[in-house]
Amino acid sequence: MTTRVLFVGGLGRSGTTLIERVLGELPGVCALGEIVHLWQRDLRDDERCGCGERFSGCDFWQHVGKAAFGGWHRVDVHRILALRDLVERTRHIPRLAGSSRLAAKDFAALVTEYADYYARIYAAAAETSGASVVIDSSKHSALAHCLRWSDAVDLRVLHVVRDARGVAYSWTKTVSRPETDGTEEMTRYAPTRSALLWNAHNAAFGLLRRRGVAVRRVRYEEFLARPRSSVQRIAAFMGLDPSMVDLGFVDDEAVELSLGHSAAGNPMRFTVGRIELRRDDAWRRQLPPRQRALVGAVCAPLLRAYGYPLSSTAEIVGAHR
């Protein structure tokens, strides 16, 4: 038996958390946050779930742990983190993108074991929530390639892209991590570094499509410009009947978010209630011209491919708002 999984992928600061939260409001869908960080941040460090409780005190995740493993105490976190280092790295994508039948037996066994931990969580979350689709917004392209090897996962990938210059600016900002009660901040990158990462991660999702995985690309800017129609298209991609989907929680201006159980992710996973859907184009004013030009030059081929203008003053076609 397989679990239908929508994997939300892309480079961080591309709007993946917001999109996951919106999609998580659909009936029959359970949004889990960034499961790639569950092992360390939740199981080991007992950080806060999206509901506000510590992971160890969240009833939802305790039920998931019992259904998946007979209890979280039976999970060897050190083993999983060691497997992650061995197989779930960007440098391993060329091997992961190959045929599992042709891979070395030891490597194939490690990837299969690693993917199985995720498959068990997905199945348990679907059972616990009664959902037909679970969402993992881990973003990591290498993890998506690992999940392709699991026979227990019906994998569908939502590839979220945002203008590389907007992403670069976002990575320069100081953002605290509420789940650590203000003791830690999110990682920051210089624009050059984020531009290189933007290229690498987005190209990796293109490779995933060529390996036969169902991949749908959505531009963050377009999603915010037309949220209702975007949600309908993505719902169909997930295998839901768009004509039966109640979109009362979202309009073209805002979305109503309920309490969720995101395991990890951007601080907005704690947001509940009505929030306005507006593009953040501060990078056009705040990112220095030299850095805008540098990021634009480094990312030019993929920016063109995704329909972004190379001029930072031009608007994106189909994303006026």
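Start by selecting Arg278, which is partly exposed at 43% relative accessibility (between 20% and 50% relative accessible area, 1.4 Å probe, protein chains only; buried is under 20%, exposed over 50%). This is a predicted model, where local features need pLDDT of at least 70, side-chain atom pairs count only at 80 or more, and totals for chains, interfaces and linings use all residues. Residues are numbered from 1 along each chain as its sequence is written, and side-chain values use heavy atoms, without hydrogens or water.

Next, pick Asp281, whose salt bridge to Arg279 has closest N and O atoms 2.8 Å apart. Arg279 counts as buried, at 13%.

Between Arg89 and Asp85, the closest N and O atoms are 2.6 Å apart.

Then show Val77, Ile80, Leu81, Leu83, Arg84 and Val87, the buried residues of H4. They sit on the same side of H4, because they cover an arc of only 155° around the axis (taken from the directions from the helix axis to the C-beta atoms).

Finish on Trp61, which touches residues including Leu32, Phe55, Trp72 and His261, leaving aside those up to four places away in sequence (contact: heavy atoms within 4.5 Å).

Notes:
Helix = DSSP H or I, 4+ residues; strand = E, 2+ residues; numbered from the N terminus. Salt bridge = Lys/Arg side-chain N within 4 Å of Asp/Glu carboxyl O.
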